[in-house]
Amino acid sequence: MASSSAAGNGTGGILPTHTAAPAWPSTSKPPPTKDPRRRRCLCVCLLVTLAVLLALAITLLVLFLTVLKVRDPTTRLVSTRLAGVAPRLTFPAVSLQLNVTLLLTVAVHNPNPASFAYDAGGHTDLTYRGAHVGDAAIDPGRIPSKGDGEVKLALTVQADRLAADLAQLVADVESGSVAMQASTRIPGRVTILGIFKRHAVAYSDCSFVFGVAEMAVRSQQCHDRTKL
């Protein structure tokens with residue numbers, strides 16, 4: 001009878017129920033969410049940085065296409081003066097050779113907004129009808145930006161090399177003019193706006209006619225270029 005009454009009241013066979021635990025303990029905090037204002041600030045900073053870099057790149061491109069673009073200088077032979085004649089006797093094959101020294105003054109115009117300095121000087125080769133007949137050393141110097149300067153050369157002509165084509169030389173002298181070619185190379189550096197420095201080499205190839213009677217250059221034609 002006792003078992004019947006226990007089953008009848010409906011409490012003996014029911015197990016106690018348990019409530020589900022909370023997703024986060026009461027002592028823990030939910031994961032932080034991203035601040036939209038901070039994210040917006042980072043995007044603005046990134047856009048401003050990209051805009052500044054783009055403006056800087058455009059500015060440098062414009063400078064290299066205009067101000068920083070190196071233009072070829074122009075040269076002109078101003079004067080020629082006989083400095084001296086040095087005879088030389090060679091042995092064992094006895095021969096008398098003459099070295100003629102000419103002082104040349106070359107005017108140079110620099111059209112660039114950058115000065116050109118050649119601390120190591122330069123060199124000039126003189127040819128007569130394709131034969132190398134003389135050399136000239138160029139002293140160190142500097143040509144100002146958008147300005148003019150003078151380059152002085154002590155050109156030594158080796159008369160014995162002219163003797164290789166003596167018949168033609170005599171004919172040219174009798175005609176009153178001698179045509180020659182001079183090739184000049186001057187390594188140096190250009191300084192732009194006082195900040196940018198670049199290595200450059202100035203080249204000049206000149207063909208000129210030397211007048212025998214006046215002992216001066218009668219006509220000339222030069223082609224100048226600069227290589228960076």
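1. Let me start with a cysteine. Cysteine 45 has a relative accessibility of 43%, so it counts as partly exposed. Its sulfur sits 4.2 Å from the closest cysteine sulfur, the one in cysteine 41, and that is too far for a bond. The cut-off for calling a disulfide here is 2.5 Å between sulfur atoms. Keep in mind throughout that this is a predicted model.

2. Cysteine 43 comes out partly exposed as well, at 42% relative accessibility. What about the pair that does bond? A disulfide joins cysteine 206 to cysteine 222, with the sulfurs 2.1 Å apart. Cysteine 206 lies in strand E9 and cysteine 222 in strand E10, so the bond ties together parts that are 16 residues apart in sequence. Cysteine 43, by contrast, is in no disulfide; the nearest cysteine sulfur to it belongs to cysteine 41 and is 9.3 Å away.

3. How many disulfides does the model have in total? The count comes to 1. As a reminder, a disulfide is a covalent bond between the sulfur atoms of two cysteines. The torsion about the S-S bond of cysteine 206 and cysteine 222 is about 115 degrees, so this disulfide is right-handed.

4. The line for buried is drawn at under 20%.

5. E9 (residues 196-211) and E10 (residues 216-227) pair in the antiparallel sense over 11 bridges. In that pairing, tyrosine 203 stands opposite arginine 225 of E10. The two strands form a hairpin with 4 residues between them, and methionine 215 in the turn has a positive phi of about 55 degrees.

6. Strand E8 (residues 177-192) pairs with E9 in the antiparallel sense, over 16 bridges. If you want a spot to look at in the viewer, proline 187 stands opposite valine 201 in E9. In a regular strand, the side chains alternate between the two faces of the sheet.

7. What kind of residues make up the lining?

8. E1 gives the largest share, with 4 residues.

9. Finally, the chain as a whole. There are 4 helices and 10 strands, and from the N terminus on the order is α-α-β-β-β-β-β-β-β-α-α-β-β-β. Of the 228 residues, 26% are buried. Taking contacts between residues at least 6 apart in sequence, 62% of them join residues at least 24 apart.

Key: Residues numbered from 1 in each chain as written. Predicted model: local features only at pLDDT ≥ 70, side-chain atom pairs only at ≥ 80, totals over all residues. Heavy atoms only, no water. Pairing = 2+ DSSP bridges. Buried < 20%, exposed > 50% of the residue type's maximum accessible area, 1.4 Å probe, protein only. Contact = heavy atoms within 4.5 Å.
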